[in-house]
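Student: Could we go through the aromatic side chains and one backbone angle of this protein together?

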Amino acid sequence: MATTTSTAAHTSLASVTLGVADLEAARRFYSAFGVDTYIRLRASETHSSGFRGFTLALTVSGPATVDGFVGAAVHAGAAVLKPAAKSLWGYGGVVQAPDGTIWKIATSAKKDTGPATREIDEVVLLIGVEDVKATKEFYVSQGLAVAKSFGGKYAEFAPGHSSPIKLALYKRRALAKDLGVPADGTGSHRIVLGGTFGGAFTDPDGFAWEPAASLAPTPS
């Protein structure tokens, strides 16, 4: 059973910074993909292999818009992990950016009710964790407020007033299966989360947080 709360979060996700080996190439890709205003980039040569334990998910209005974003990503150099297709819950596909970040683009609509757009309704950072309940409680102890919770399967946190991305937790192996990739991975997640708080911390699954003010965007 889902539980919800309307309590305002004292801490929230304010920014998402991806670690990339080639800053200029990443800037070009994310601009062409159409999500550059939602993320920040940072040069990183840290070792990372296999599944990095997270995905960034775009929710859009209809299948044609899903196809548009998938097409733009592929044209800019992304690899298709799951071709866009209908499912019980709607329509969606999964791509992997040249820097290794996995993106899911989906809609709950199975038919288009209008032309394709380049509008994004919601962006969710879904991180795969070993123990959803334990990690949820850890984040609550850091000041985040739970918006939705489905036992030990899924948890979603209340976004901040200026947060462009919503944070949610899912079982790591279930997330990898949904994305169509093996669950195993080693090394860095190559992502840093910026929070509305005063200190840095690392969660139980190794995802690093820093004060959002310290995560200045890279120069254009």
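Predicted model: local features only at pLDDT ≥ 70, side-chain atom pairs only at ≥ 80, totals over all residues.

Tutor: Residues are numbered from 1 along each chain as its sequence is written, and side-chain values use heavy atoms, with hydrogens and water left out.

Student: How many aromatic pairs does the structure hold?

Tutor: Rings of Phe, Tyr and Trp (its six-membered ring) pair if their centres lie within 6.5 Å, and planes under 30 degrees apart count as stacked, over 60 as edge-to-face and the rest as tilted. By this rule the number of aromatic pairs in the structure is 15.

Student: Is Tyr139 buried or exposed?

Tutor: Buried means under 20% relative accessible area, exposed over 50%, and partly exposed in between (1.4 Å probe, protein chains only). Because its relative accessible area is 0%, Tyr139 is buried.

Student: Which residue has its charged end over the ring of Phe69?

Tutor: A charge sits over a ring if NZ of Lys or CZ of Arg is within 6 Å of the ring centre and within 35 degrees of the ring normal. Here the charged end lies 4.2 Å from the centre of the Phe69 ring, and the residue that carries it is Arg118.

Student: What is the phi of Arg190 near?

Tutor: Most residues other than glycine have a negative phi. Arg190, which counts as buried at 14% relative accessibility, has a positive phi, and the value is near 55°.
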